[in-house]
Amino acid sequence: MKNLKVLRQNMGLTQRDMAKNLNLAKATYARYEIGETEPNFELLIKMADYFEVSLDYLCGRQNSNTIFVDSLTEEQKKIVSLVRGLTHDQSLLVLGYLSNMLKLPYEDVRPARPF
């Protein structure tokens, strides 16, 4: 599950939190995250719904996650609107700030390719 760990970390959740949310043993969830085992289709759908992402994105078949505006809070919509006006350098500064705030390695939030 290529994007499962990043999605969980972006929400500030532990593996134990996710296992509880999905009604799984922590060890079972951890095996999904490292790709040791694969969840069944019903659980994949549940995970995609939980993270509000497509199955393709969850499974790593799609490079970017399409954001559905209807699923965003008003605050998130304002953030997206402001981000669209940033220069490339400003965007990199914001990514660095977010990685520090979320305590994520910069590589986990940095874009894969220049935008």
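**Exercise 1.** In which helix is tyrosine 97 found, and is tyrosine 97 buried or exposed?

*Solution.* The model is predicted. Start with the position: helix 7 spans residues 88-101 and holds tyrosine 97. Next, take the relative accessibility, which is 54% for tyrosine 97. The cut-off for exposed is over 50%, so tyrosine 97 counts as exposed. Last, look at the surroundings on the surface. Tyr97 belongs to a nonpolar patch together with Val94, Leu98, Met101 and Leu102. The accessible area of these residues together is about 430 Å².

**Exercise 2.** Determine whether arginine 8 is buried or exposed, and list its contacts beyond four places in sequence.

*Solution.* Arginine 8 lies in helix 1. Its relative accessible area is 8%. Buried means under 20%, and therefore arginine 8 is buried. With neighbours within four places set aside, arginine 8 contacts Leu13, Thr14, Gln15, Met18, Tyr29, Glu33 and Phe51.

**Exercise 3.** Describe the largest nonpolar core and the place of methionine 47 in it.

*Solution.* Begin with the membership: the core has 17 residues, and those touching the most other members are Leu4, Met47, Val53 and Leu58. Then assign elements. Helix 1 (4-10), helix 2 (15-21), helix 3 (26-34), helix 4 (41-51) and helix 5 (55-58) each give two or more residues. Helix 4 supplies the largest share, 5 residues. Finally, take methionine 47: leaving out residues up to four places away in sequence, methionine 47 touches Leu4, Leu22, Tyr32, Pro39 and Leu58.

Technical notes
Residues numbered from 1 in each chain as written. Predicted model: local features only at pLDDT ≥ 70, side-chain atom pairs only at ≥ 80, totals over all residues. Heavy atoms only, no water. Core = buried A, V, L, I, M, F, W, Y, C linked by side-chain atoms within 4.5 Å. Buried < 20%, exposed > 50% of the residue type's maximum accessible area, 1.4 Å probe, protein only. Helix = DSSP H or I, 4+ residues; strand = E, 2+ residues; numbered from the N terminus. Contact = heavy atoms within 4.5 Å. Patch = residues over 30% accessible without salt bridge, like charges linked within 9 Å, V, L, I, M, F, W, Y side chains within 5 Å. Areas by Shrake-Rupley, 256 points an atom, 1.4 Å probe, with all protein chains shown as cover. Salt bridge = Lys/Arg side-chain N within 4 Å of Asp/Glu carboxyl O.
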